[in-house]
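User: Please take me through this model by asking, for each label, what value stands behind it and which cut-off it is set against.

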Amino acid sequence: MSAQDRIRSLRLSMRFIAPLVVTLAVLGYALLPVVDRLTLRWWVNDLDTRSQLVANTLEDQLAQLVQQGATAKINTLFNRALQDQRLYALAFCDEKGKLRYETATYPQSLRCQPLSGTGADSPSVVHLPQGPLHVVAHPIYQGSDQIGSLVLVHDMSFVERRSADTRRYLIGLFVVLGVIISLVTVFIAHLSWRGWIAGARSLLRGEGILQRFGQRESSEDVHPLASDLRALLRDLDMSRRIPEDGATWSPEMLRGVLRDKLLGDEILVVSNREPFIHVHRGEAIAVQRPASGLVTALEPVMRACSGTWIAHGSGDADHDTVDAKDRVRVPPDKPSYTLRRVWLTEEEERGYYEGFANEGLWPLCHIAHVRPVFRSRDWEEYVSVNRRFAEAVRAEARTEDPVVLAQDYHLALLPRLIRERLPKATIITFWHIPWPNSESFGICPWREALLDGLLGSTILGFHTRFHCQNFVETVDRYLEARIERESSTISYGGRLTRVEHYPISIQWPPEWVDTQLPVPLCRAKVLRVEKLADDVLLGVGVDRCDYTKGILERLSAIERMLELHSELIGRFVFVQIAAPSRSSLEEYQNFEGRLRSLAARINARFGREGWEPIRLKVEHHPSHIVNEYYRAADMCVVTSLHDGMNLVAKEFIASRDDERGVLVLSQFTGAARELHDALLVNPYHSEQCAHAIYRALTMPADEQRLRMRSMRRLVQEFNVYRWAGAMLLDAARLRQRQRVSERIKEHGRTTDAVKA
Ligand code: GDG
């Protein structure tokens, strides 16, 4: 046992012993006076009886001698009686209460009123300078007449001695008892602790607990925690997939995984949104990076992995930039992978994208109080476009078993459709938005078909464990499937799908690290563009213009904050970048209208000459400009009503290499589960958000630095390469397992053929 183990064991023992010792001490302290009083009462009773006996013995003779006035004989009688060592003194008082005869030891202060005014504990005990005395007066009769009283005085100092002895024994008993109970408790605690640790260790080694333990008791102790522990282990397993030297995941590392673990297998990514949109700008063609979290995350991964990205060609110059097979090499400045475009008719786009995906599934999964709308004709388009994408995958695949990364809610049917075309493909589907509870999901008229489609995947990923659980519950409710909750797998139609959480992230080092201006220059630039004073307190929000992002709630919180802190009127400005999104949908048009009028109302209420608190910019900004706003701001506010992850939060952190700036973050984002050093808020609670915004604006620099430093470490370590690496490593393991089982089957078939 090492010194550290010994200290740990001592600390564990002390945890049991200390309360026990305190309890026994308190008990002892409370009990001692009670025991003292009890023993005193016993002795007094005993002395009462003894006095009675002595009085009975002397009574007759004393009565006669008193009658005769025989003083000498009475003294002799008294002195003889005093030979009993406990009897201290005797006296006779006549019927008038006058002291007539007494032994030399009789305390004069007692006189003939021995039982009054002496401060006795018991009626027969008096405390005199000689010590405690037991005094009893016994009536003496001559015939039927009382002629006086015999006063018997007993020495009680022995009671005190006995009482002190009893106290000593009692304390000794408590100490011995304490030691014995402590030893037994510590012994049992150590036994249980060891059993518990062994149980947890066996879980860590992945053994079944019942197998590991001979004793049922220990296994039962750990059992209630087994599934929690297993879930935790899966999390740890995810974190273990970090490079051995502790370095941060990087594009090189991801390439290493592809080369060594996936043996260079081809990678196909499929999503609705394309990473680069070509648009006409007069005569020229410009390239736009869409405002999309999916693109932000996947694009750097694709740069690292090469391969092919299949997506809807949505730009008006997209047709003009592809080759005969609808392919274009991207990124335009440094091509490293192929973008294969899929063309959709306006009708298809309306039904599949705007209708089913964005009016149906998006509000269904976000539960942001906008009713989902489901139309049959949208569903038909959704099915047919998913088929189109599956055909494109079939056409692009160079092998029979590619690794396909299917993305998001636009393509829920794609995994099954690919499985039908390429049975050996490894299909990793990632669902970028939340998965609601089974009841909410049940609203969708095509719920079974969607679940069936997704269960064509080999691996199905969500941002959080909570979303995984919701998905598994939904399958449990609506499909006939076998669910292995411990290993998080679903067996459906003879195939397994692993449901796992992979929290998405952004690239690290951040995209603009080499080209961006230093923070003070970014700030100076943004303040110049916005025409703001140097000492302005600047807040920023960056979102697609979407009702799930809580932008209305954010502005209301700012209004409340200005009501509560009027000293900030004229000093604080909030810039809201709201990139137009799904603008053809009525819900989004209404939302934009509401947003504009709320901003205008707040500005009208608090605005002054040359100053307005809200700068609402409903326009698409180039990514490097967004980065400059992040770097210029004193704080960034993310108040999504519900969000799968939210990458804006992570981008803001990544941009702040000066370790300044505060993040106010909605608790309903996936990011809130990782970024504990943000100021977490409930966006529905206006006052709470207002307080958090004020706190962010007044937070001391040291606190900002501590929080930002810790969040930066987290985003650096859990970057997007790690996200992709974790999924690809899981895929590699499953592929390996599949290959081995196929080889075994093959071997079985050959052996059978030889035997036949
Ligand atoms: C979905 C899930 C999940 C915004 N305005 C502009 C612009 N942006 C960029 C941001 C960021 C991205 O858009 C938004 O990402 P989010 O993660 O916040 O949100 P969604 O687009 O809804 O993404 C989400 C994500 O998928 C990934 O899985 O986190 O929960 O809803 O990168 O910087 N970019 C440019 N101009 C803008 O005006 N260039």
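**Labels and the values behind them**

User: Why is Val 664 called buried?

Analyst: Val 664 has a relative accessible area of 1%, and buried means under 20%, with exposed over 50% and partly exposed in between (1.4 Å probe, protein chains only), so Val 664 is called buried. This is a predicted model, in which local features need pLDDT of at least 70 and side-chain atom pairs count only at pLDDT 80 or more, while totals for chains, interfaces and linings use all residues. Residues are numbered from 1 along each chain as its sequence is written, and side-chain values use heavy atoms, with hydrogens and water left out.

User: Where does Val 664 sit, and which residues does Val 664 touch?

Analyst: Val 664 lies in strand β22 (residues 662-666); helices (H or I, at least four residues) and strands (E, at least two) are DSSP runs, numbered from the N terminus. Leaving aside residues up to four places away in sequence, Val 664 touches Met 635, Cys 636, Val 637, Val 638, Leu 679, Val 681, Ala 692, Ile 693 and Ala 696, where contact means heavy atoms within 4.5 Å. One of these, Val 681, is 17 residues from Val 664 in sequence, with 7.1 Å between the two C-alpha atoms.

User: What makes Ser 271 buried, and which side chain is its polar partner?

Analyst: Ser 271, in strand β6 (residues 267-271), has a relative accessible area of 0% and is therefore buried. Its side chain makes a polar contact with the side chain of Trp 309 at 2.9 Å; a polar contact is a pair of N or O atoms within 3.5 Å, and within protein one must be able to donate a hydrogen and the other to accept it, while residues adjacent in sequence count only if both atoms are side-chain atoms. Among the other residues that Ser 271 touches are Leu 294, His 312, Phe 389 and Leu 411.

User: Why is Asn 358 called buried?

Analyst: Asn 358, found in helix α9 (residues 346-366), has a relative accessible area of 2%, and that is why Asn 358 is called buried. Its contacts include Tyr 409, His 410, Tyr 547 and Arg 582.

User: What makes helix α11 largely enclosed?

Analyst: Helix α11 (residues 414-421) has 6 of its 8 residues buried, so α11 is largely enclosed by the rest of the structure. The buried residues are Leu 414, Pro 415, Arg 416, Leu 417, Ile 418 and Arg 419.

User: How do you know that helix α18 is mostly covered, and what covers its buried residues?

Analyst: In helix α18 (residues 623-632), 8 of the 10 residues are buried, including Ile 625, Asn 627, Glu 628 and Arg 631. The elements covering the buried residues include α15 (519-530), β18 (537-544), β19 (572-579) and α19 (647-655).
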